[in-house]
Amino acid sequence: MSLAVHASVAQIGALNEEASGSLEILWALPGLPFTEMFGSYDASFPTVDQELLIDDSTGHVQLRKFVDPEFLYRPTNYALRTLSTPKVEAELNLLSNFIDRNLGQHGNGLTGLDILEFGANNLELALRLSPRSTNFFAVDPILAGQVDEAPPSAITVYPGMVEEFLSELSIPLDLIVARHTLEHIAEPLVLMRALRGKLKTGGIIVIEVPDLDAIVTKLRFDAVFHQHYQYYDVGSLETLA
């Protein structure tokens with residue numbers, strides 16, 4: 001278990017609660033432990049009381065408490081990395097084909113693009129998309145010190161939060177990709193507006209998120225954890241857009 005986790009207990013307690021009169025409690029989660037942090041079992045491992053809420057006006061589901069992302073995604077605390085498996089390869093093929101179809105429909109062409117992927121993890125998707133780009137920006141805080149070798153010259157790595165990166169970005173974008181990332185964002189509407197402001201005319205944003213309907217149907221309630229602030233279905237994602 002990372003000693004950095006125990007040294008940062010004060011950050012775990014630094015929570016911001018969403019204020020809304022239309023939120024109802026779906027599920028009380030007292031003492032919810034932190035997952036995505038791996039190591040030997042430790043009975044004293046930090047926990048935070050949590051609640052899963054639903055917004056009656058939109059049907060959107062979210063956590064009540066947002067733990068500091070600087071703590072959650074510190075490389076010593078966040079160990080989840082995408083592995084190269086047949087399942088992951090099939091998922092990446094599906095997403096790549098979806099992107100190609102939509103770029104074609106919007107007249108962007110498939111090469112010479114300015115692309116941003118945030119939540120780039122181990123650069124699996126970035127390596128697939130970067131041959132189509134003039135500029136490819138891969139943003140993820142876990143990339144700090146985690147890339148085994150220098151990325152291809154076509155990929156610019158930013159090992160930080162996407163909000164910080166957008167404040168520095170001066171190039172308008174043809175394509176923004178967020179694969180399994182928007183559920184980690186505490187203020188998605190604020191971020192979506194910032195992303196829209198960075199698009200070229202005709203640029204597109206492609207989003208892939210876990211489906212709340214599938215989580216419920218498959219009884220995958222282990223998919224409710226501190227790193228996933230938001231729980232979207234098609235309707236709530238369309239409402240956000």
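Let me begin with a term: a residue is called buried when its relative accessible area is under 20%, exposed when that area is over 50%, and partly exposed in between, using a 1.4 Å probe and protein chains only. What you see is a predicted model, in which local features need pLDDT of at least 70 and side-chain atom pairs count only at pLDDT 80 or more, while totals for chains, interfaces and linings use all residues. Residues are numbered from 1 along each chain as its sequence is written, and side-chain values use heavy atoms, with hydrogens and water left out.

I will start with R179, which counts as buried because its relative accessibility is 13%. Its side chain meets that of E91 in a salt bridge, at 3.0 Å from N to O, where the term stands for a side-chain nitrogen of Lys or Arg within 4 Å of a carboxyl oxygen of Asp or Glu. Since R179 lies in strand β9 (residues 173–179) and E91 in helix α4, this pair ties together parts that are 88 residues apart in sequence; helices and strands here are DSSP runs, of at least four residues (H or I) and at least two (E) respectively, numbered from the N terminus.

R179 also forms a salt bridge with E208, at 3.5 Å from N to O, and because E208 belongs to strand β10 (residues 199–208), that pair joins parts 29 residues apart in sequence.

Turning back to E91, its side chain also meets that of K87 in a salt bridge, at 2.5 Å from N to O. K87 is exposed, at 57% relative accessibility, whereas E91 is partly exposed, at 24%. Taken together, K87, E91, R179 and E208 are linked in a network of salt bridges.
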